[in-house]
Amino acid sequence: MSYEYSAEAASNGAGADDQHHHVGVPVAEEVEVADAAVSAVLPGYVRPSSVAVLDSDIDSDSDVTAGDLQFDNLGNTVGAWRSDLRSSIDSNSGSPATASESSERERKSCRDRGSRKLVGMVLVGVVVAVAVAVAVAVSAVQGDNNNVVQGTADQQQQQAEEGTTTTTMQEAPEQMGKETERLMSLRDLLDRELYHTDDSSNGTSPLLDRVTYQYSALRWLADVDKLDLPLPNAVAGSEGGSPPTAAVALLERTQRIVQRYSLAALYYATAGDGWRVQGNFLDASLDECQWNTPLSGTKVVGVGECNEQGWVTLLSLARNRLRSVVDGIPDELFQLRHLHTLRLQGNDLEGTLSPKVNQLSNLRILDLDDTNLRGEPPDMTRLGQLQIFGACCNELTAMPTFGRSVRSVDVSFNRIVGSVPQEYATYGALHTLIVDGNFLVGSVDFLCDAFPTISIVVDRGEVSCYCCE
């Protein structure tokens, strides 16, 4: 690019000058070039004071290039200087400088420009080097942070796969490492009592598989539980008394271990670390009868009641974000043989209701509303004390059957087909039946005849009922 000054170039005004600025030509350099050219034709020429100030400002900021400056005000100053310069040239056109003086000044100007360009290149190189170093440092820090985050994520994933939890009150057992003698003894006991395998080494026991929720519960009971319940095999040798007394003590110790293990299994089988209210579950220092959190009034979340002997009789985990990792309700829950009330409504227990529910022979209230249960429910005629059964808003496909003590049945809004069984007329205490929102047909007039005060809710367009609401 040429830096020689001419009256024609000056007449182009600020537009041409702005173009030079935007490609990175320093303003001070342009001023110096113009000085050399004007001095060649105007001996004794002195630069205007406004331009002198401009030049000194740029020189004092030598580490800043023209591309980093704001040129709006500078352009106005240089434009005014050009106008003044043009007038000076026009009025002194009769006093040209000699060719040799002009040539010498141009060579000096070129040398000055070369020196400034070299300095500028060095400064640019330094800036680029610093920028690269900063970028490398930032990248290294980010890499370290990513490694830390990834390490944490890997650890959490490993814990999730092993079924562990890192909370203080629900500290889970370590899934790896050598098994203790106590763990192996507890496994033999639970295999006999719950899984009916006398020899756990045959490979059929879920307590052998370290990824199962059963094994997590076993490991917690053996290695974390601070109550350290005594094993029943020590009763006869450590305590005196008649054989019947020893047998009772043996049975009680066995049932107590089974009860505590079953509640721990429920916790792991329903993703307990994600429960809305933990209810002190798996607090290793508390009796399981204290695994609860009081709510308003008399309501609690968790174990709501135990009898005088310490057996759990009421369990309420309604709307507590239980999410079953197995098919429906885990079978271990049905080992709580003393339960009279079980409330699990409003949780995700997707699956079928196991026939093992009949093991809860003392059950009076069973609430399974909105739990994603599906399929045909089991025959529950062996639940001889069951009075209230709720399973609305699920995907059951058949009417459940009960013992004669049942008083209230709500299976509304399921996928039940067929008709209400005639045997419902033999449920002598029945006073409420809610079956609307299904695909039932036929008639329930026989219930109106059997129970004059019964309350029945059906889909009137599909089911005949002269006493229905």
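**Strands and aromatic pairs**

Me: How many bridges join strand E5 to E7, and do they run parallel or antiparallel?
Reply: Three bridges join strand E5 (residues 365–367) to E7, and the two run parallel. Keep in mind that this is a predicted model.

Me: What is the bridge partner of isoleucine 365 in E7?
Reply: Isoleucine 388 is the partner of isoleucine 365.

Me: What's the strand order in the open sheet?
Reply: The order is E1-E2-E3-E4-E5-E7-E9-E11-E14, nine strands with mixed pairing.

Me: Which are the edge strands?
Reply: Strand E1 (292–294) and strand E14 (455–457), each of which pairs on one side only. On average, neighbouring strands of this sheet are turned by 15° against each other, direction ignored.

Me: Switching topic. How many aromatic pairs does the structure hold?
Reply: There are 10 aromatic pairs. In one of them, the ring centres of tyrosine 267 and tryptophan 275 are 5.1 Å apart with planes at 65°, so that pair is edge-to-face.

Me: Is tyrosine 267 buried or exposed?
Reply: Tyrosine 267 is buried, at a relative accessible area of 1%. Tryptophan 275 also counts as buried, at 4% relative accessibility.

Me: What about phenylalanine 389 and phenylalanine 402, why is that pair tilted?
Reply: Their planes are at 55°, so the pair is tilted; the centres are 5.1 Å apart. Phenylalanine 389 is in strand E7 (residues 388–390), while phenylalanine 402 lies in the loop between strand E8 (395–396) and strand E9 (408–410), 13 residues apart. Both phenylalanine 389 and phenylalanine 402 are buried.

Me: Back to Tyr267 and Trp275. Which residues form one aromatic cluster with them?
Reply: Trp220, Tyr268, Phe281 and Trp291 are in that cluster along with Tyr267 and Trp275.

Notes. Residues are numbered from 1 along each chain as its sequence is written. This is a predicted model: local features need pLDDT of at least 70, side-chain atom pairs count only at pLDDT 80 or more; totals for chains, interfaces and linings use all residues. Side-chain values use heavy atoms; hydrogens and water are left out. Rings of Phe, Tyr and Trp (its six-membered ring) pair if their centres lie within 6.5 Å; planes under 30 degrees apart count as stacked, over 60 as edge-to-face and the rest as tilted. Buried means under 20% relative accessible area, exposed over 50%, partly exposed in between (1.4 Å probe, protein chains only). Helices (H or I, at least four residues) and strands (E, at least two) are DSSP runs, numbered from the N terminus. Two strands pair if DSSP finds at least two bridges between them. Axes are lines fitted to C-alpha atoms, for helices over the stretch in contact, and angles run from 0 to 180 degrees between N-to-C directions.
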